[in-house]
Amino acid sequence: MFTISEARETIQTFQELLDSTPREACHVRISSDAWTLAEIAGHLIDSASNNHQRFTRLKFGDLDSFPGYDAEPWVSQQKYDNLDFEILSHLWSCYNMLLLHLADTTSNDVKRNTWRTPNGPQTLEFLIEDYYKHLRLHIRHYQERLAEVRAYLGQ
């Protein structure tokens with residue numbers, strides 16, 4: 001069962017990770033098919049942005065159609081690796097405070113509102129829980145990449 005306190009802890013954990021990331025590590029690409037730390041942060045901004053729209057729209061009612069998200073082209077097109085890491089970190093933090101507020105103020109009567117996707121229906125309640133599950137997955141991804149980058153840099 002999802003709780004706001006768990007969501008808050010997840011956000012705090014990732015924010016601490018962003019804040020403690022050495023700036024010389026943010027834009028290191030360890031291989032051509034691996035995202036940089038800045039690109040992982042950018043992907044999580046995309047996730048926040050897309051879910052902001054889903055959470056808000058579903059509060060008004062069911063969604064019959066809404067665009068999906070294809071991570072690789074989005075990250076590539078937005079060139080997150082060319083953006084100052086402080087901007088990425090700050091944007092991620094602010095967006096997640098907004099999403100936490102939306103999750104916390106979502107009334108029970110709208111949590112069953114449904115987005116009908118090609119993969120089947122997804123309720124607002126599921127999407128909120130899944131957002132934080134996805135974030136926790138990427139915390140581990142980010143930690144692993146940070147360790148790889150540090151090893152690559154000899155730190």
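Predicted model: local features only at pLDDT ≥ 70, side-chain atom pairs only at ≥ 80, totals over all residues.
Q: Which two side chains meet in a salt bridge at 2.7 Å, N to O?
A: Those of Arg116 and Asp64. Residues are numbered from 1 along each chain, and side-chain values use heavy atoms, leaving out hydrogens and water.

Q: What makes Asp64 count as exposed?
A: Exposed means over 50% relative accessible area, buried under 20%, and partly exposed in between (1.4 Å probe, protein chains only). Asp64 comes out at 59%, so "exposed" is the word.

Q: Why is Arg116 called partly exposed?
A: Its relative accessibility is 41%, which puts Arg116 in the in-between class.

Q: What makes Arg29 and Glu39 a salt bridge?
A: Their side chains meet at 2.9 Å, N to O, so the pair passes the cut-off. Arg29 sits in the loop between α1 and α2 and Glu39 in helix α2, so the pair links parts 10 residues apart in sequence.

Q: Is Glu39 buried or exposed, and how do you know?
A: Buried, because its relative accessible area is 9%.

Q: How do you know that the span of helix α1 agrees with what it should be?
A: The expected span is 1.5 Å times one less than the number of residues. For the 17 residues of α1 that gives 24 Å, and the end C-alpha atoms are 24 Å apart, so the two agree.

Definitions and conventions: Helix = DSSP H or I, 4+ residues; strand = E, 2+ residues; numbered from the N terminus. Salt bridge = Lys/Arg side-chain N within 4 Å of Asp/Glu carboxyl O.
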